[in-house]
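I opened my notebook beside the structure and wrote down what I looked up, one topic at a time. Follow along on your own screen if you like.

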Amino acid sequence: MLFNDAQLWVYREADQEIVAFGTLEISDLYKNWTANRLHPYIPLLAVKPDTQGRGYGRSVIHHLIGQAALHVMSDETLDDRLFLDVYASSQNAIKSYIKCGFENLTDLPVHDPDSRREYFVMAKRVRIVGASLFDAP
């Protein structure tokens, strides 16, 4: 499914209850870190509040890392870093991203004038080596 220019995945439990969704797009949003190259970007990722803490978020992140790696593998012009931004107040999400290999690229949070919230920019390399993901889960 496409959402704007992003692919959208909906994740369900065995009983078909929707527990999360994640999106991935090819973007130039963080071209200042990529020498003006396009890169994979996660614009939205959410886990249903009453199912948080069960590993769904980490599973979604791993899936999106794999999808980003496939994009990078199929288009040599793409930068091999997967970017996301995360609200500074979302400490559990930040910890999950770090555990999945993302690094914070901004020392201080960036202020979003539209939402009036602050966020960090994070990235992870998703390079393919042979038939496996390098530095991926």
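**Entry 1: Glu-13.** I checked how covered Glu-13 is, and Glu-13 counts as buried because its relative accessibility is 17%. My cut-offs are under 20% relative accessible area for buried, over 50% for exposed, and partly exposed in between, with a 1.4 Å probe and protein chains only. This is a predicted model, so I noted that local features need pLDDT of at least 70 and side-chain atom pairs count only at pLDDT 80 or more, while totals for chains, interfaces and linings use all residues. Residues are numbered from 1 along each chain as its sequence is written, and side-chain values use heavy atoms, with hydrogens and water left out.

Where does Glu-13 sit? I found Glu-13 in the loop between β2 and β3. Strands here are DSSP runs of E with at least two residues, helices are runs of H or I with at least four, and both are numbered from the N terminus. Setting aside neighbours within four places in sequence, I listed Val-19, Arg-54 and Tyr-56 as contacts of Glu-13; contact means heavy atoms within 4.5 Å. Glu-13 and Tyr-56 are 43 residues apart along the chain, and their C-alpha atoms are separated by 9.3 Å.

**Entry 2: positive phi in loops.** Gln-16 is also in the loop between β2 and β3. Its phi is near 80°, a positive value in a residue other than glycine. Gln-16 counts as partly exposed because its relative accessibility is 49%. Next I turned to Asn-36, which lies in the loop between β3 and β4 (39–42). Asn-36 is not a glycine either, yet it has a positive phi of about 65°. Is Asn-36 buried or exposed? Asn-36 is exposed, because its relative accessible area is 59%.

**Entry 3: a surface patch.** I marked Val-10, Ile-18, Phe-21 and Leu-44, which form a nonpolar patch on the surface with about 300 Å² of accessible area together. Such a patch takes nonpolar side chains (Val, Leu, Ile, Met, Phe, Trp, Tyr) joined within 5 Å, from residues with over 30% relative accessible area and no salt bridge; like charges are joined within 9 Å. A salt bridge is a side-chain nitrogen of Lys or Arg within 4 Å of a carboxyl oxygen of Asp or Glu, and areas come from the Shrake-Rupley method with a 1.4 Å probe. Val-10 belongs to strand β2 (residues 6–12).

**Entry 4: the cores.** Which residues touch the most other members of the largest nonpolar core? I noted Leu-82 and Phe-102, out of 25 residues in this core. The largest share of this core, seven residues, comes from α1. A nonpolar core is a set of buried Ala, Val, Leu, Ile, Met, Phe, Trp, Tyr and Cys residues joined through side-chain atoms within 4.5 Å. Not counting residues up to four places away in sequence, Leu-82 touches a list of residues including Leu-24, Leu-64, Phe-102 and Met-122. There is a second, separate core of six residues, among them Tyr-41, Phe-83, Tyr-119 and Ala-123.

**Entry 5: partners of β9.** I found β6 and β9 running antiparallel, joined by seven bridges; two strands pair if DSSP finds at least two bridges between them. Leu-84 has Met-122 in β9 as its bridge partner. Strand β7 (residues 103–104) is also antiparallel to β9, with two bridges, and Glu-103 stands opposite Ala-123. Strand β8 (residues 110–112) pairs with β9 in the antiparallel sense over three bridges.
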